[in-house]
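Work through the exercises below with the model in view. Try each task before reading its solution.

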Amino acid sequence: MAGFWFVNLPLGWAESWQATLFSWVPFDAAKGEEGVTFQGSMLILLLLTIAMTAWKGLEDIIEGPNRWTWVTLGLTAATLLVAALRFTPQAGGLELAITGRFFGVAACLWAVWHYASVLEADDRQAWLWEAWRFVKQIFGLLVVGVFIVGVIRQLIRPEWIETLAGSNSTTANMVAVVFGVFMYFPTLVEVPVAKMFLDLGMHPGPLLAYLMADPELSLQSILMVIAVIGRKKTFAYVSLVALFSVMAGLLYGSWVDGMSAMRLVVSMLAFVAVLAALLLALHRRQTAAAGS
């Protein structure tokens, strides 16, 4: 994140605290270890504070807001704004960088506040209750997903990922799609898994192919679809999803690797033209078979 303004805060203990965090949670990019940064520790503290205040502020929000409600909402907004900043511990202080993302988050928070202010009190309270209920539902899955990623990360070697999907090749994208089919993850688990693969050296192209195929295909869904529409139509559906996922990964990976916009557009149009020709030929064949 590029910074627009920089402010040096006289916090001499920030650098030593960062060193302490890295001693507790090691940082090693080669092993995919992210560690915990100074900013990360701030966000963890804010999230824990939100968790403690939300039960008092949102659990009975249907009956009306209380002072804990405003504390919770204020802490939530502060957490989003802090996450959009950049903190860099330095010798003798802490550099605070105000980024473009900070202004984007601030604008979104203002838009949400403006929308909430025009709602009726009952609608606003119902909105907050649904948001709080959703957070309680997904929090467990998110924690489990992060825990699973932490365990798997210690077992997977970076060179394995780099060998299978470290480049933007057709084989790498196909491997990513097949993995997405056989290793189905819920969405909240899929995100940290994808981040783990990226840190371990997976190319962005195959990673996108995996992210597109995983929500659409799984052994469970394929077996259920077969029972409803039959084997042939299921095979066509699975093949098209896999094909589009692989092509999306290849095109995106090529763009990341520096392919020009013109070549990217030409490649996309060529793919669409070939696919249209194949589908037209298949349609004519089915029409001829039905006529005979």
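The exercises go from the whole chain to single residues.

This is a predicted model, in which local features need pLDDT of at least 70 and side-chain atom pairs count only at pLDDT 80 or more, while totals for chains, interfaces and linings use all residues. Residues are numbered from 1 along each chain as its sequence is written, and side-chain values use heavy atoms, with hydrogens and water left out.

**Exercise 1.** Find where confidence is lowest and where it is highest in the protein chain.

Solution. Start with pLDDT, the predictor's confidence in each residue, from 0 to 100. Its mean over the protein chain is 85, and 89% of the residues reach 70 or more. Next, go through the elements: helices (H or I, at least four residues) and strands (E, at least two) are DSSP runs, numbered from the N terminus. The chain has twelve helices and five strands. Strand β3 (residues 33-34) has the lowest confidence, at a mean of 60, and helix α3 (residues 67-84) the highest, at 94. Where pLDDT is low, the predicted coordinates should not be read in detail.

**Exercise 2.** Decide whether Asn173 is buried or exposed, and list what Asn173 touches.

Solution. First locate Asn173, which is in helix α7 (residues 170-182). Then apply the classes of relative accessible area: buried is under 20%, exposed over 50%, and partly exposed in between (1.4 Å probe, protein chains only). Asn173 is buried because its relative accessibility is 0%. Last, look for contacts, meaning heavy atoms within 4.5 Å. Leaving aside neighbours within four places in sequence, Asn173 is in contact with Asn168, Gly205, Pro206, Ala209, Val246, Gly249 and Leu250.

**Exercise 3.** Describe the surroundings of Phe87.

Solution. Phe87 lies in strand β4 (residues 86-90). With a relative accessibility of 13%, Phe87 counts as buried. Not counting residues up to four places away in sequence, Phe87 touches Phe38, Gln39, Met42, Val82, Leu94, Glu95 and Leu96. Thr37 is 50 residues from Phe87 in sequence, yet the C-alpha to C-alpha distance is 8.8 Å.

**Exercise 4.** State how much of the protein chain is buried, and how far apart in sequence its contacts reach.

Solution. Of the 292 residues in the protein chain, 30% are buried. Then take the contacts between residues at least 6 apart in sequence: 70% of these join residues at least 24 apart.
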